[in-house]
Amino acid sequence: MKALLIARRELAGYLRTLSGYIIIAVILGLNGLFFNAFALGKAAERSATVLSNFFYYSSGFTIVASVFISMRLLAEERQSGTLPLLYSSPVRDRDIVLGKYLAGLVFLALYLACTVYMPLMVMVNGKVSAGHIAAGYLGLLLLGSASLAVGTFGSALARNQLLAAILTACMLVGLIVCWLLARITAQPLSDVFSALSLWNQHFPPFQAGLVHVRDVAYYLLVTYVALFGATRVLEARRWR
């Protein structure tokens, strides 16, 4: 319950400030441009391919949105000096982390909801299944959830929002390029790096309209581990 109250307050902060709307507007505009230029650019392609291309480009913008949404979650409290007030309140560290993460996740979901018109255009003018769209958006939400959780961990480590964004970007890039390490290493390391890959190994099935339990479990596990790490960072800082 306390986590939900924190989430409500944090979400209200996003909706009251201009920066939140700027983030959504800019990334939504860029996503629309890429959709029009690349996903719709080849008229001869089948509707399912166009939809798959949409999810391909949208996955990148979802990761970018997660970085900018998460950078303020905890780093802003530390930067403005209000973190001790949270520590002095009767709220557990995990409630603080979970509440702020949930607020960011709802805000990210609002961004994803604003992109629905693009696959609907494909659906109206072509032949694609609602299941393909649902699977793709489930993948985007899970990818965004994991990226946002990593961003929450980065925000807990950082002293300010800029540093939080840089730390988050570095961690996410590290997870994304694991597939490159998988190609140049021998087994069993190649299997480990392949399994850790944030995008290449786990998102393409969603992009194609397929939902695999292993991919859902991977994104949920990354989310849990990152939020657990953020909680431990707050606990360590509380007792300094």
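L157 counts as partly exposed because its relative accessibility is 37%, where buried means under 20% relative accessible area, exposed over 50% and partly exposed in between (1.4 Å probe, protein chains only). L157 is placed in helix 8, and its C-alpha atom is separated by 33 Å from that of P205, 48 residues apart along the chain. The model is predicted, so local features need pLDDT of at least 70 and side-chain atom pairs count only at pLDDT 80 or more, while totals for chains, interfaces and linings use all residues. Residues are numbered from 1 along each chain as its sequence is written, and side-chain values use heavy atoms, with hydrogens and water left out.

**Helix packing**

- Two packed helices are described by the angle between their axes and the distance between the axes; helices here (H or I, at least four residues) are DSSP runs, as are strands (E, at least two), and they are numbered from the N terminus.
- The axes are lines fitted to C-alpha atoms, for helices over the stretch in contact, and angles run from 0 to 180 degrees between N-to-C directions.
- Angles under 35 degrees count as roughly parallel, those over 145 as roughly antiparallel, those from 65 to 115 as roughly perpendicular, and the rest as oblique.
- Helix 8 (residues 130-157) and helix 13 have axes that come within 8 Å and cross at roughly 15 degrees, and the two helices are therefore roughly parallel to each other.
- The crossing of helix 8 and helix 13 is left-handed, a term used if the near helix is turned anticlockwise from the far one by less than a right angle, with right-handed used if clockwise.
- Helix 13 also meets helix 6, the axes coming within 9 Å and crossing at roughly 130 degrees, which makes helix 6 oblique to helix 13; this crossing is right-handed.
- Helix 2 packs with helix 3 (residues 47-70) at an angle of about 160 degrees, their axes lying 10 Å apart, and these two helices are therefore roughly antiparallel, with a right-handed crossing.

**Salt bridges**

- A search of the whole structure finds 8 salt bridges, each being a side-chain nitrogen of Lys or Arg within 4 Å of a carboxyl oxygen of Asp or Glu.
- R72 is buried, with a relative accessible area of 12%, and E10 counts as buried at 4% relative accessibility.
- K100 and E77 meet through their side chains in a salt bridge of 2.8 Å, N to O, and this pair links distant parts of the chain, K100 being in helix 6 and E77 in helix 4, 23 residues apart; both K100 and E77 are buried.
- A network of salt bridges links R9, E10, R72, E76, E77 and K100.
- R92 forms a salt bridge with D95, with 3.4 Å between the closest N and O atoms, and D95 counts as buried at 10% relative accessibility.

**Nonpolar surface patch**

- L15, L18, Y21, I22, V26, L30, L33, F34, F38, V106 and L110 make a nonpolar surface patch of about 990 Å².
- Patches are made of residues with over 30% relative accessible area and no salt bridge, like charges being joined within 9 Å and nonpolar side chains (Val, Leu, Ile, Met, Phe, Trp, Tyr) within 5 Å.
- Helix 2 (18-39) and helix 6 (93-114) each supply at least two residues of the patch, and helix 2 gives the most, with 8 residues.
- I22, one of the patch residues, lies in helix 2 and counts as partly exposed, at 44% relative accessibility.

**Cis peptide bond**

- Most peptide bonds are trans.
- Q187 and P188 are joined by a cis peptide bond, with omega of about 5 degrees, and P188 lies in the loop between helix 10 (178-184) and helix 11 (189-196).

How values were computed
Areas by Shrake-Rupley, 256 points an atom, 1.4 Å probe, with all protein chains shown as cover.
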